[in-house]
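The points below are grouped by topic and can be followed alongside the structure.

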There are 2 protein chains.
Amino acid sequence: MSIPSDLRSRKRLATREGISNVATRLFAERGFDHVTVDEIAIAADVGRKTVFNYFPRKEDMVFDRDEEGREVLREALRQRDAKVAPIEMLRLLAHRLIAEQSPYVDFSSRSEGFIETIQASETLKARARAIRAELAQVVTVALAECGGRDPDDPDAHLAAGLLLATWTVAFIEAHRAFRRGRDTEEAKAAFLAIIDKATIGLKAAMAGTPYV
Amino acid sequence: MSIPSDLRSRKRLATREGISNVATRLFAERGFDHVTVDEIAIAADVGRKTVFNYFPRKEDMVFDRDEEGREVLREALRQRDAKVAPIEMLRLLAHRLIAEQSPYVDFSSRSEGFIETIQASETLKARARAIRAELAQVVTVALAECGGRDPDDPDAHLAAGLLLATWTVAFIEAHRAFRRGRDTEEAKAAFLAIIDKATIGLKAAMAGTPYV
DNA sequence: CACATAATTACACTGAATATCAATATATAC
DNA sequence: GTATATATTGATATTCAGTGTAATTATGTG
């Protein structure tokens, strides 16, 4: 997380930031699908290849923290106290992310534009679904490990699927709540309310497995 | 479903079938991503534009029954007896589809190749996720209607998300069961076992809503 | 047969993504 | 400080999916 001292690395970061900022602005202004990579390269004053150098796919200019997100999930389940069941652990994670003002659960005017940009583009929605699928895979593996089972345990798959569906709905609903009341606190409350309520249900659904 | 008598319509169907068959064969032989639309057009002896005429996207040559699938879900929930809760209705639908040998729940050597082709291609997996998202949307709207609520009712979204996750896991698990034992009946039993078990959990999770 | 309509195709174009290779900037060894 | 190695960049060309347009061919109808 620290800024590298050597010139090469700093230049790299600056170039990356420059492209990212230009792209973000253009996407917000005109929509993801109506901005070409050529335009981004020109606006950022770099070569077209340089853009693809930093962001292998155009979508990566929007979602550039997905590995970080997966790591948050892995860590939460790895550092779990043995007394706390995995499903409960993820509920606690939701509360912690909210308490820590994590950017993953930011429901504000700023994030609203981000969400709008995504919703307006089939390509970005597809990428969001792919990221969810990767998250589900991470949760599946982590759960199976917690429960001492195979990484293809059906119960782990089911639990992960139900959990991801829950978080997704909570996330969407929190953003909707913010749009209605323009109140971040209200949105956070909505997020946690859905997580908490659904967790009770999920515990019932997964009773008899090592995950609850 | 009946074959049209006029020459034009028959030719249309034949052309479509021809393209579809050629494409299916090529995809199975060499993988979706290693077959170009040009090759399909040449092999099917039609113009490139004709291919796109029948299948707007390359993926549509693989998934050409998704609207049909959505309609099955809509119909099941629409023709529901008022005494049967929506979530229970979908459990019954699963049993009916299995009993009727519906192609949607075919776990055999034939469908195995189909699944392999999809799993081998990021593009096709993305399309499968998009179709799931569309199904979730259909279920959300149908549930909300059943429960006399808004189409953006959080409970409906949550229930639909949980249901789709359940069906997806059941589907994947049934295919895995077939791969293990090469027994269609065993795979069908695995499918229904997951649906039945998860339904109990989902009823607990959605208690207090109009959907259970 | 003549006319209208639908289907097919050729052609040209856009835009994402990849590959190659030369030019340039930076780091490291001496 | 100079030389060499390496990383970064950029110019150029190519592949492939997908779209638009207009011309051509096939089919249905009076």
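**The surface near DNA strand D**

By class, the residues that form the surface near DNA strand D comprise 11 charged, seven nonpolar and five polar ones. The model is a predicted one, and the values that follow are computed from it.

- DNA strand D is surrounded by 23 residues, and the closest of them are A:G47 and A:T50 from chain A together with B:R8, B:K11 and B:R48 from chain B.
- Of the atoms of DNA strand D that come within 4 Å of the protein, 67% belong to sugar and phosphate.

- In chain B, the side chain of B:K11 places an N or O atom 2.4 Å from a phosphate oxygen of DNA strand D.
- The elements that give two or more residues to the surface near DNA strand D are α1 (7–30) and α3 (48–54) of chain A, along with α1 (7–30) and α3 (48–54) of chain B.
- The most is given by α3(A), which supplies four residues to this surface.

**How the two chains are related**

- Chain A is superposed on chain B, with an RMSD of 0.1 Å, by a rotation of 180° with 0.0 Å of shift along its axis.
- The two copies are therefore related as by a two-fold rotation axis.
- The C-alpha of A:L162 is the one in chain A nearest the axis, at 2.7 Å from it.
- Both copies use the same surface, as 100% of the contact residues of chain A recur in chain B.

Definitions and conventions. Residues numbered from 1 in each chain as written. Chains lettered and ligands numbered in written order. Predicted model: local features only at pLDDT ≥ 70, side-chain atom pairs only at ≥ 80, totals over all residues. Heavy atoms only, no water. Least-squares fit on C-alpha atoms with pLDDT ≥ 70 in both. Contact = heavy atoms within 4.5 Å. Near = heavy atom within 4 Å. Polar contact = N/O pair within 3.5 Å; in protein donor to acceptor, adjacent residues only side chain to side chain. Nonpolar A, V, L, I, M, F, W, Y, C, P; charged D, E, K, R; others polar.
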